[in-house]
Amino acid sequence: MAEKRKHLPEDVVEYFLFPTLPESLNKSEVKKYLEELLDSYLAFVSPLVVDYIWQNDPFSLVATTEGDLPAHLYGRTSFGDNIDDEWFIVYLLFKLTKQFSGLIARVVDNDEEFMLIEAAEVLPKWIDPETVENRVYIYNGQLQIIPLPQSPSDITSLPGALPSISDAVQCVRSCSAATVASASIQQAIQTRINEFPAKTKENVHYAHCYIPANLAAILEKRPHLVSSGVLAFYYRDPIDLRSCRTMQYFRPGTRVISRVKFTRCLYAQLMQQKFQPDKRSGWVLPSTLNPKYKAHDLGMKLAHGFEILCARCSSNRTKEGNVKRSPEDSDVRWNRYLQSLTERGFFRGEIEGSKLYKQLLSDARQFYTDQLKTDLSEGSYRNLGSEILKLLDSVQFDIEAMRKAETDLAPPDDDGWLNLTPDTLDELLRKKAGANSTEKSSDSKDPIDLSKVADSMKAFVEKISGVDGVEIPVEGEDDDEDDIQFDSTGFISAMQKMFEFDDNDSASSSDMSEYGWEDSDGDFDDQPPSGKPSKHKPKASVPTVKDYMDMMDRELAPSNVGKSFEREPQTTNSTQPNKPSSNAKDTNKDIEDEDDDFQPVNIDVNTVKNMLESIGAQQGLAGPASNILNSMGINVPPPDTEDCEQIEAPIPPPRKRTPKPTPTKRPSSRSTPSSISLSSSNNTAPVKKETNV
């Protein structure tokens with residue numbers, strides 16, 4: 001039975017690690033074995049995550065042996081507004097499963113199997129949010145998708161219905177050759193995660209901030225706390241700002257210039273906030289023309305954020321028993337973790353006791369301390385305010401030395417990336433579109449073939465549509481590949497013959513009698529032999545789709561709906577051959593026989609005309625007409641280019657029409673790409689000339 005899915009917030013990602021466990025272990029030994037594996041996994045990812053600044057919560061794991069799932073390591077991270085944190089975790093999971101044999105990982109968010117969104121264009125047709133649940137995993141550094149069984153022999157190895165996570169993990173481990181995703185899907189996922197770890201350095205932004213000396217010392221010792229200060233200021237409320245009137249912890253009198261490490265997301269959030277400090281706080285900003293205005297503004301906002309954090313817990317100090325303590329040097333797990341770091345070259349060959357060695361050891365100790373948590377519920381991870389207050393009591397700094405070091409600070413990074421130019425946007429779109437974008441951009445310079453538009457629309461409407469929409473054939477795809485063909489017409493005809501002799505269905509003939517489809521002669525194909533009276537009542541002939549369409553045309557003929565369509569040229573009676581009179585049995589007459597003035601609608605011309613009108617109404621923006629044409633491989637040039645002149649067809653001379661005694665109708669003021677209005681020299685009304693494409 002599948003486990004019940006719990007709803008996740010929009011900015012939270014969950015991940016599960018299922019290692020191979022020895023069968024000889026009992027329940028108490030399993031927990032200890034998982035902790036040993038946890039220390040090895042943390043040591044492996046430490047070089048990548050120790051210096052990383054997370055938006056909200058860091059990457060974390062905890063051993064779990066309870067619940068319906070098999071024993072595993074569980075993690076939960078809130079990535080906030082920085083989607084790169086989520087994909088960085090995916091990158092770490094791929095690295096872990098590739099490094100440690102037998103390890104299977106699963107990662108989901110509120111979109112559930114969000115990794116498949118990156119490969120949406122190359123997914124098999126059977127995959128949708130319902131059928132793929134509990135079927136996507138990471139194993140041996142590759143994406144695994146458990147397929148649906150295609151034959152009776154597959155049922156024994158592949159789950160047919162919604163599988164449980166336990167069964168799915170066992171299936172991936174035993175049938176990895178059958179569950180590995182296709183090369184195109186693997187390529188789409190790898191293209192996204194291959195941006196790491198280089199992207200972690202690209203997203204770092206250093207800026208000069210004019211902040212109090214104690215805050216500068218705290219950020220120098222714990223750089224990752226900057227995210228907490230930024231978010232506290234970013235999500236402030238009027239109650240939080242009350243504590244900023246006096247600035248009890250971070251007063252402006254001891255300010256120094258400090259080079260602060262941000263991520264691009266955090267820096268953008270801080271820069272885009274407009275805020276004026278309270279006059280009672282003592283913070284005064286210089287003129288915006290001052291070259292150091294940005295440093296003053298950033299420092300003021302950052303100090304207010306940390307002041308809010310401290311004020312939130314000052315009245316309710318965290319109990320001593322809830323404060324996380326650093327591991328002792330004699331702790332077994334800490335020593336095992338430290339040994340794994342040394343074996344993997346984390347300390348970069350530094351001599352024990354050197355300045356860099358002590359800094360790396362402090363970072364590793366802090367990262368390991370953050371992992372020693374047992375409750376991953378929201379709001380219980382850590383009390384940042386108490387942590388900052390504790391640092392305020394212990395941190396040491398020299399204000400004069402800091403001010404002298406201001407002249408030796410490295411310059412801040414350029415923040416030109418905040419302004420997205422049209423060229424940069426086009427480059428990003430081309431990068432996301434892939435190789436097809438180059439072909440489409442070159443094809444868009446060619447003139448539009450109007451006949452191709454009509455043919456494509458014909459092929460489009462002939463496709464079978466369901467509740468999920470119509471399936472547009474992809475170039476190179478075989479439409480008949482493994483598809484079951486269903487003859488709907490033959491099925492309906494067979495069903496009608498089955499009900500032809502139903503005694504209780506006599507009333508059905510009366511429904512169509514008013515349209516003249518009931519046989520008046522009593523001449524039926526299913527008449528019994530002569531001399532034997534029939535015990536069944538005569539039935540009406542079965543109307544066809546053409547009968548319905550002819551009837552609709554007769555009803556619409558007196559209305560003005562037909563005047564909006566482009567029609568074929570009218571043929572005169574003299575050119576028509578004499579038609580034989582129809583016999584009494586032929587009651588379904590053709591419309592051309594009834595109306596000598598009938599002009600059939602030119603479907604191709606109307607299709608092209610309506611498409612051009614829709615494209616013109618889009619005014620160069622995306623819309624249904626351009627989207628449909630682009631999906632068919634027809635690229636529409638923008639309306640402000642010279643190529644748009646090529647989509648207008650030449651206007652033929654007006655056709656002569658027989659005048660009718662109908663009142664003159666005011667011409668429409670709306671113009672389309674395929675029609676124009678010309679005024680004659682006298683004061684007559686404009687005559688609309690129609691396009692013949």
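Start by selecting Arg259 and Tyr206: Arg259 lies over the face of Tyr206, at 4.1 Å from the ring centre. A charge counts as over a ring if NZ of Lys or CZ of Arg is within 6 Å of the ring centre and within 35 degrees of the ring normal. Next, pick Arg236, which sits over the face of Phe233, 4.3 Å from the ring centre.

Quick note before you go on: this is a predicted model, where local features need pLDDT of at least 70 and side-chain atom pairs count only at pLDDT 80 or more, while totals for chains, interfaces and linings use all residues. Residues are numbered from 1 along each chain as its sequence is written, and side-chain values use heavy atoms, with hydrogens and water left out.

Now for rings. How many aromatic pairs does a search of the whole structure find? It finds 17. Rings of Phe, Tyr and Trp (its six-membered ring) pair if their centres lie within 6.5 Å; planes under 30 degrees apart are stacked, over 60 edge-to-face, and the rest tilted.

Select Trp54 and Phe88: their ring centres are 5.7 Å apart and their planes are at 35°, so this pair is tilted. Trp54 lies in the loop between helix H1 (27-49) and strand S2 (62-64), and Phe88 in helix H2 (residues 83-99), so the pair ties together parts 34 residues apart in sequence. (Helices, H or I with at least four residues, and strands, E with at least two, are DSSP runs numbered from the N terminus.) Are these two buried or exposed? Trp54 is buried, with a relative accessible area of 8%, and Phe88 is buried too, at 1%. Buried means under 20% relative accessible area, exposed over 50%, and partly exposed in between (1.4 Å probe, protein chains only).

Last stop: show H1 and H2 as cartoons. Their axes come within 11 Å and cross at roughly 140°; axes are lines fitted to C-alpha atoms, for helices over the stretch in contact, and angles run from 0 to 180 degrees between N-to-C directions. That makes H1 oblique to H2, since under 35 degrees is roughly parallel, over 145 roughly antiparallel, 65 to 115 roughly perpendicular and the rest oblique. To see what touches (heavy atoms within 4.5 Å), select Tyr41, Phe44, Val45, Leu48 and Val49 of H1, plus Phe88, Tyr91, Leu92, Lys95, Leu96 and Gln99 of H2.
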